[in-house]
Structures are given as C-alpha cells and as structure tokens.
Amino acid sequence: TQTKAGTMYGGIKAGANFASIGGDDASDNSSTRTGFQGGLFIGKHVNDQFGFRVEGLWVQKGAKADSASVSVTTKLDYIEFPILFVYDIKSSEKMGFNIFAGPTLGFNVGAKVEDLDIKDQVKSFEFGAAIGAGLEKKMAGGKALTFDARYTLSGTSIAEDVTIGSQTQSISIKNHGIGLMIGYSVPLGAK
C-alpha cells in the first residue's frame with residue numbers, strides 16, 4: 001500500500017449552508033436561511049491516518065424571522081477560514097471516509113436585513129468551530145471527488161455591544177448552521 005504521509009493536496013468545493021441564529025438575545029421565531037458556501041482548500045497528510053486542511057470559503061449565514069403577517073431575512077456574508085484536523089477512519093483504493101474538526105475564523109463582508117444595511121451593527125470578526133465528516137471517491141492520478149457535511153457554531157456574538165446613556169450592554173446572538181459541499185481534489189507537488 002502506498003503511504004500518504006507528507007503528501008499535499010488542494011481543490012475547490014461548493015454547496016449549501018443551512019444557517020440559523022441562536023443565543024440569549026436571538027429571536028424565538030427565527031427559521032433557517034439557505035445560502036451558498038464554497039471556495040478553495042489545501043491540505044497535507046501527516047501520516048496515513050492524520051492530516052490537516054485549511055479552507056478559504058465564502059459563506060452565507062443569517063436567518064429568517066417569521067411572524068403572522070411578514071417574513072424578514074437577515075443576510076450575513078463571511079469570508080471564513082476553517083483550520084481542520086482530519087482523521088481518516090477508513091480508506092481503500094476507491095473510497096475514503098474521514099472525520100474532521102477545528103476552529104473557524106470568519107470575517108464579515110456584508111450584513112443586511114432585507115435591503116437595509118446593518119454592517120455597523122455586526123462585528124467584523126467571528127471565532128467559531130466546525131465538526132463534520134467527509135467521503136472521497138478516489139480517481140486516477142491521486143485526484144478525488146469529495147463530499148462533506150459539517151456543523152458550524154460561532155463561539156462569539158455577532159452583534160456589536162449597545163450603548164444606552166453611560167451603560168454598555170453586550171448582545172448574545174450567534175451563528176450556527178449545517179453545511180453540505182461537494183468538491184474536487186488534486187495532488188500538489190512532486191510525487
């Protein structure tokens with residue numbers, strides 16, 4: 001069996017993010033917003049089972065707030081960098097299965113409630129975490145088709161603190177979501 005240790009790979013992936021908002025100050029009547037997520041990734045196998053992967057993704061987050069008469073959508077866009085530690089559970093010549101987890105660094109690039117810009121009310125940086133599992137269909141030359149499912153959760157509030165008079169109040173509203181992506185991976189560097 002050919003060892004994977006030290007090999008690098010990269011590729012592209014895209015899919016959907018089923019986002020919602022939680023936290024102590026989030027609306028109780030919110031529902032999921034379906035958005036796009038996708039971008040590039042690069043990874044390295046440390047040995048036959050362990051490795052790491054860094055991704056650069058465009059991720060659409062937010063939520064819908066529903067009431068009896070109106071539905072309002074909060075649209076939050078991020079450039080996100082997941083730093084994932086990958087463990088290959090099972091691998092054969094044709095298929096591979098892995099689990100992954102790690103921190104995410106998100107940078108807000110857009111925030112709207114319907115057509116109203118609220119970027120000044122949303123923090124520019126979001127720290128979070130991702131956990132998930134992936135499948136890979138191996139092809140000739142070290143290339144692969146990939147599929148992954150992940151759950152992401154913000155560890156920090158997305159809302160800026162509110163100052164009323166001389167008092168500042170922290171607001172606890174956090175992103176979370178389930179993402180599904182397909183991708184294409186190719187080996188990098190010399191064999």
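Start with the second largest pocket of this predicted model, which holds about 380 Å³ of space. Colouring the lining of the second largest pocket by class shows 14 nonpolar residues, with 4 polar and 4 charged ones.

Now select strand β6, residues 95-113, and pick out Asn 108 within it. Is Asn 108 buried or exposed? Its relative accessibility is 5%, and because buried means under 20%, Asn 108 counts as buried. Show its surroundings next: leaving aside residues up to four places away in sequence, Asn 108 touches Leu 76, Asp 77 and Tyr 78, and also Lys 119, Val 122, Lys 123 and Ser 124.

The structure contains 4 aromatic pairs. Select Phe 81, Phe 107 and Phe 125 together: ring pairs join these residues into a cluster.

Two further stops put a charged side chain over a ring. Which residue lies over the face of Phe 41? Select Lys 13, which is 4.9 Å from the centre of that ring. For the other stop, display Phe 100 with Arg 53, which lies over the face of the Phe 100 ring at 5.0 Å from its centre.

Methods. Residues are numbered from 1 along each chain as its sequence is written. This is a predicted model: local features need pLDDT of at least 70, side-chain atom pairs count only at pLDDT 80 or more; totals for chains, interfaces and linings use all residues. Side-chain values use heavy atoms; hydrogens and water are left out. On a 1 Å grid over the protein atoms alone, a cavity is a set of points where a 1.4 Å probe fits but cannot get out, and a pocket is an open set with protein on both sides within 12 Å along at least five of seven lines; lining residues have an atom within 4 Å of a point. Grid points are joined across faces, edges and corners, and a volume is the space filled by probe spheres set on the points. Ala, Val, Leu, Ile, Met, Phe, Trp, Tyr, Cys and Pro count as nonpolar, Asp, Glu, Lys and Arg as charged, and the others, Gly among them, as polar. Helices (H or I, at least four residues) and strands (E, at least two) are DSSP runs, numbered from the N terminus. Buried means under 20% relative accessible area, exposed over 50%, partly exposed in between (1.4 Å probe, protein chains only). Contact means heavy atoms within 4.5 Å. Rings of Phe, Tyr and Trp (its six-membered ring) pair if their centres lie within 6.5 Å; planes under 30 degrees apart count as stacked, over 60 as edge-to-face and the rest as tilted. A charge sits over a ring if NZ of Lys or CZ of Arg is within 6 Å of the ring centre and within 35 degrees of the ring normal.
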